Amino acid sequence: MKLQTLATLAALVPYALGFPYLTNFPEYRSLAGLSPQEIRAVARTFSSTPGAQPLPPPINDTSAKLVYDEAHPFQPNQPGDIRGPCPGLNTLSSHGYLPRNGVATPAEIINTVQEGFNMGWNLAAFITYGAFIVDGNHLTNLMTIGANTTADDELTPGINIHGNFEGDVSTTRGDYYFGNNYSFNETLFEQLVNAANLVGGGFITIESASLQKAQRINDSIAHNPTFSFDTPRYLTAYAETTFPLAFFVSNQTANTTLNTSLDNARSFFQTHKYPDGFYRRQAPYDFPEVSTMFGKIFDLVGVLPGRNEGVGNFVVNPEDNGSLCYAYQRQVNLTGQLYPNPTSELETAIKANLISFYQTLEDPTCEQLFPFGQ
C-alpha cells in the first residue's frame, strides 16, 4: 500500500510543478520537445534513470537452433501489451524473448534479435540505435516497439513515430498519411500473396518481394502527397523486404537460399508467432549478407532516395547517397534538432548513445558528428 501511495504521489509531481498535461508521463516515452523544466518534472516520476548503457557484446552461439521452445511459449497479447510496425519485434515479445509488454532497452533488443532470429550484431545494433536515439527515452534507457492505444485512446509512442525512423511503404503496414502505420493490413498482405502467386510459385522469393515493394512504392507515389523515401527509410525499406526471406524461414541457410511460405509469413506478420518447431537461420545475417540481398532487390525495383512534392510527383534527392554513413549522420543531426536544449543529465546520456551509434557503424571513413560537443 505504501509503495502504491508513493507511486501515485510521484505521478502527480508534474501537476504540482505546473505541468498537469505531463501527469503519468510514460517512462518509455521520448523526451523530445520538452523544455528543461518539463524534463526535470517528469524525470522525478521515473522509477529509475540509468541513462546510457554500454553496447552489449555479440552472442557466442550463432548456429541454427530451435527458438520456439518450452522457455519461449507464444502468448496472445494481454491488455496493455504494446505491438507495432515491426513483425519481428512483435514476435519476439509474444514469445518472451523481449518483455511481453513491448517495452525494452536497446541492449535487450540487440540481444534478442540475435537470439531469436540470428540477425548479425552489427546490423542489429545499428538499426536499434538508429531508432533509439530519436524515439527512445535517454534517461530511462527504454523504448516501446510500437503504438497500441492506451485506456484514454492515445498512442503509446515508440518506433512507430513517423519520420524519425519508421517510414512509408512497409510490407504489411500502411503509410502514416492514411491513418495507421503500425497495425497489420490485410489488403497489403493480399498484395504480397498475389505477387508470390504471380512470380514466386506461391512462395515469397526475391522476385515476388521486389514486385510487391515496387507496387507499394508506386501506389504511395500515386496517392500519398507526403510520401518520403529519404535515407534512412530508403535503406530500411529495401532491407526489410529481405527480412521475410532471411528470418521467416525455419532453418534458413547461411546464403538465404530457401523461399518463405505464405503460411509462415502470415504467422509472423499478423499473429506475431513462430510457426511450430521453428529454427532460427543457420548463420548470422549481417551487413555483408543484407548488402547482397539489398542489391538484388534494388536491381528489380530501382527507386532512389527522394520524396513526393505533391501526389504523383516523386523527386529524387541528389544529395542523398543512400549510404550507411549518410543514415548515421542524418539520425545524429535529427537528434540534435529534437533536443535543442537538454538538461545536463539528458545531454550526457544522449552524447553517450551517439557514441555507441557511431561504434555500430564500424566505418572510420565516416565523419563522426558531435551536435552536443565532445
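The count comes to 33 aromatic pairs in this structure. One of them joins Phe-248 and Phe-268 in a stacked arrangement. The model is predicted, with an average pLDDT of 93 for the protein. It also holds one cavity of 30 Å³ or more.

**An aromatic pair**

- A pair of aromatic rings is described by the distance of the centres and the angle of the planes.
- For Phe-248 and Phe-268, the rings lie 4.1 Å centre to centre. Their planes are 10 degrees apart, and the pair counts as stacked because that angle is under 30 degrees.

**The largest cavity**

- Rolling a probe the size of a water molecule over the atoms shows where empty space is left.
- The largest cavity holds about 40 Å³ of space.
- Its lining is made up of Thr-171, Leu-192, Ile-204, Ala-209, Gln-212, Glu-240, Thr-241 and Pro-244.
- Which elements give two or more residues to this lining? They are helix 8 (206-223) and helix 9.
- Helix 9 gives the most, with three residues.
- By class, the lining has four nonpolar, three polar and one charged residues.

- Tyr-176 lies in the loop between strand 2 (143-144) and helix 7 (186-199).
- Its relative accessible area is 49%, so Tyr-176 is partly exposed. The cut-off for exposed is over 50%.
- Which residues does Tyr-176 touch, not counting those up to four places away in sequence? They are His-162, Asp-168 and Asn-181.
- Asn-218 is 42 residues from Tyr-176 along the chain. The C-alpha atoms of these two residues are separated by 16 Å.

**Confidence in the model**

- A pLDDT of at least 70 is reached by 93% of the residues.
- Residues 5-9 have a pLDDT below 50. Beyond near neighbours in sequence, this stretch has zero contacts in the model.
- Where pLDDT is low, the predicted coordinates should not be read in detail.

Notes. Residues numbered from 1 in each chain as written. Predicted model: local features only at pLDDT ≥ 70, side-chain atom pairs only at ≥ 80, totals over all residues. Heavy atoms only, no water. Phe/Tyr/Trp six-rings, centres within 6.5 Å; stacked < 30°, edge-to-face > 60°. pLDDT = per-residue confidence, 0-100. Contact = heavy atoms within 4.5 Å. Helix = DSSP H or I, 4+ residues; strand = E, 2+ residues; numbered from the N terminus. Buried < 20%, exposed > 50% of the residue type's maximum accessible area, 1.4 Å probe, protein only. 1 Å grid on protein atoms, 1.4 Å probe; cavity = no way out; pocket = protein on both sides within 12 Å on 5 of 7 lines; lining within 4 Å. Points joined across faces, edges and corners; volume = space filled by probe spheres on them. Nonpolar A, V, L, I, M, F, W, Y, C, P; charged D, E, K, R; others polar.
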